[in-house]
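Here are a few notes to read alongside the model.

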Amino acid sequence: MIPLTPKLAAVIAIAAAAALAGCASASTSSGGTASSGASSGSASSPAAGSPAAAAGSEFPVTLTAANGPVTIKAKPVRIVSLAPTATEDLYAVGAGPQVVAVDQNSDYPASAPVTKLSGLTPNLEAIAKYQPDLVISYQNANGLVSGLTKLGIPVLIEPSAATLNGAYAQIDQIGQATGHLAQAQRTVTSMKAQIAATVRQAGSSHPGLTYYWELTASPYYSVTSSTFIGQIVGLFGLKNIANAADKASDGGYPQLSAEYILKAQPQIIFLADNQAADGGQTPAVVAKRPGWSAIPAVKHDEVVGLNDDIASRWGPRLPLLVAEIAQAVERASASG
């Protein structure tokens, strides 16, 4: 079994359920499960780019989220976030002053009002105590949507992003839901510009470079190119060693053996289990694994200890993750 640290539970558990979560919203999605949170709401929503939409002041508004049409009658003033990415999105679009509580894993920004609330196992009574007029989560667990809807509390389910466009769409939708669409659109524009500039500098075609993305060790779980992270790394045209091991039942997150990784000889290793809370698999630890000193990535110091929070979320700090990947690509290209 995968060791269920909070962050990895959010990454892998959501991804495993992505197919189910996306089925209901596929008709409104422009790029997979996560983009079901697109800002293309129902007819009662102001059109993106219109003066009303840009002002973000038109309420009531009906949005189409992963849990279907959600009507928000007035600009929310008491928001509860049960997802670290949603929390980052809220603050990025300017809705921070409206946030009254966030879940226990929402550690960014530092000013967010962290509580004991859980997005994995939400407690409806505990959530309701904050008297929210909007709740945002990444999954509908423990009867979250039906229970809060009965209390008259709208819930937006914004699942893990399947594409960059899906991540952008969620930011737009959260901006529209909170009365900050214009700032959300500015945030997305800035993210796109930063990512494009980074890819342009590092280059988008490196077919000779292979990589291994480590989610967990003992056992070794990785990501394929079909996943959100795989697509992010794919911006640089690298070859993913996990692709050949993927099975339909893996959902893009195959378990690899040490022998498989050693045989694949990746030239770059990205560690998304680098921090102590997620396994503490630092470059130094990796170098001490039996046989791993012969892997090119280890020999040439191309084992990258990522910021696990940034690597497991799909919000406004994505340009920082892309920059970390780009630096590794540039170093590996220079040494190769």
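Predicted model: local features only at pLDDT ≥ 70, side-chain atom pairs only at ≥ 80, totals over all residues.

1. Residues are numbered from 1 along each chain as its sequence is written, and side-chain values use heavy atoms, leaving out hydrogens and water.

2. The protein chain holds 13 helices and twelve strands (DSSP runs numbered from the N terminus: H or I of at least four residues for helices, E of at least two for strands). Of its 336 residues, 56% are buried (buried is under 20% relative accessible area, exposed over 50%, partly exposed in between, with a 1.4 Å probe and protein chains only). Contacts (heavy atoms within 4.5 Å) between residues at least 6 apart in sequence join residues at least 24 apart in 61% of cases.

3. Do look at the largest nonpolar core, which has 61 residues (such a core is a set of buried Ala, Val, Leu, Ile, Met, Phe, Trp, Tyr and Cys residues joined through side-chain atoms within 4.5 Å). Trp 213, Phe 236, Ile 268, Phe 270, Leu 321 and Ile 325 touch the most other members. Helix α13 (residues 318-335) gives the most to this core, with eight residues. Apart from it lies another core of 16 residues, including Tyr 212 and Val 286.

4. Strands β3 (residues 79-81) and β4 (residues 99-102) run parallel and are joined by three bridges (pairing requires at least two DSSP bridges). Ile 79 has Val 99 as its bridge partner in β4. With helix α3 (residues 84-92), β3 and β4 form a right-handed β-α-β unit (with the strands pointing away from the viewer, the path from the first strand over the helix to the second runs clockwise).

5. The loop between β7 (210-214) and β8 (220-221) contains Thr 216, which is buried at 1% relative accessible area. A polar atom of the Thr 216 side chain lies 2.8 Å from the backbone oxygen of Pro 219. Pro 219 sits in the loop between β7 and β8, and the peptide bond joining Ser 218 and Pro 219 is cis, with omega about 5 degrees.

6. Please also check Gln 131, whose phi is positive, near 50 degrees. Gln 131 lies in the loop between α4 (124-128) and β5 (134-137) and counts as exposed, at 58% relative accessibility.

Key:
Polar contact = N/O pair within 3.5 Å; in protein donor to acceptor, adjacent residues only side chain to side chain.
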